[in-house]
Amino acid sequence: FFLMIRRPPRSTHCISSAASDVYKRQLTGKSNKIMLKWLPLRFFTSSHTQFEGTTILCVKKQKQIAMIGDGQVTFGGIKFKSNAVKVHKIQPNILCGFSGGTADCLTFLSHLTKEFEKFPTETLRVCVNLTKKLRTNKFPRHLACDMIVADPNTTMLISGQGDAIEIDDSVLAIGTGRAYAQAAAKALWEVEGMGAEEVAKKAIEIAAEMCVYTNKNFQLEIIDFCKPVSYTHLRAHETSLHLVCRLLLEKKKKK
């Protein structure tokens with residue numbers, strides 16, 4: 001695509017060298033007007049602009065969820081912080097990790113927390129409702145962030161563009177080092193004797209060695225869960241008293 005440009009943007013620090021040279025020639029009167037009118041859009045965008053300067057990894061294995069992320073905060077090519085917290089436990093059995101722009105991630109996390117206050121145990125419903133808000137006038141339509149939300153039954157990938165994808169795999173990663181972390185975790189997941197915590201730690205260490213936007217100052221959150229037995233499920237129409245009565249009746253029938 002091409003963009004007609006009458007004048008360069010106010011800030012020229014992100015303009016590539018080719019576009020910068022054309023702009024300088026314009027100021028000195030030596031440039032061709034046709035060249036300035038029709039310049040490829042790629043000249044005015046920086047290929048080094050990254051919003052996902054981190055790595056977040058989620059692993060499910062052996063009745064355990066492990067979510068781990070690094071603590072590096074990067075602004076362009078500068079490391080600003082090494083111990084940022086990007087993995088949170090929203091509920092006792094719900095984990096969340098995000099990567100992207102700081103303001104966008106915190107905005108997304110704030111709205112996600114409010115949705116969980118309305119529907120504490122319905123992760124899928126909460127994530128879908130959150131992405132629907134991106135299409136309303138009261139909510140920013142595009143956020144430069146990605147988020148993983150995981151509970152014992154569901155793993156969701158949410159993007160700032162309005163995508164909500166339920167993942168059926170046991171391994172999921174986001175951020176600049178996602179390819180390295182996810183590939184390493186998939187290989188280690190098959191190793192017997194390694195739980196979700198060990199797989200997550202080893203995989204993100206491999207990613208940190210290969211990705212310059214990922215450091216080795218990790219934050220880890222773990223949830224241990226057991227698959228519930230069918231007769232202990234609390235049905236939609238039951239209260240706690242009804243549940244106790246039903247269990248007593250079932251026990252009596254077995255005798």
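1. Which residues touch the most other members of the largest nonpolar core? They are Phe-108, Leu-112, Phe-116, Met-147, Val-149 and Ile-158, in a core of 20 residues. A nonpolar core is a set of buried Ala, Val, Leu, Ile, Met, Phe, Trp, Tyr and Cys residues joined through side-chain atoms within 4.5 Å; buried means under 20% relative accessible area, with a 1.4 Å probe and protein chains only.

2. The model is predicted: local features need pLDDT of at least 70 and side-chain atom pairs count only at pLDDT 80 or more, while totals for chains, interfaces and linings use all residues. Residues are numbered from 1 along each chain as its sequence is written, and side-chain values use heavy atoms, without hydrogens and water.

3. Helix α3 gives the largest share, 5 residues. Helices (H or I, at least four residues) and strands (E, at least two) are DSSP runs, numbered from the N terminus.

4. Apart from this core lies another, of 17 residues, including Ile-68 and Met-194.

5. Strands β5 (residues 73-75) and β6 (residues 78-81) run antiparallel and are joined by 3 bridges; strands pair if DSSP finds at least two bridges between them. Val-73 has Lys-81 as its bridge partner in β6. The hairpin has 2 residues between the strands, and Gly-76 takes a positive phi near 70°.

6. The count of disulfides (cysteine sulfur pairs within 2.5 Å) is 0. Cys-105 is buried, at 1% relative accessible area, and its sulfur lies 4.7 Å from the closest cysteine sulfur, in Cys-145, too far for a bond.

Notes: Buried < 20%, exposed > 50% of the residue type's maximum accessible area, 1.4 Å probe, protein only.
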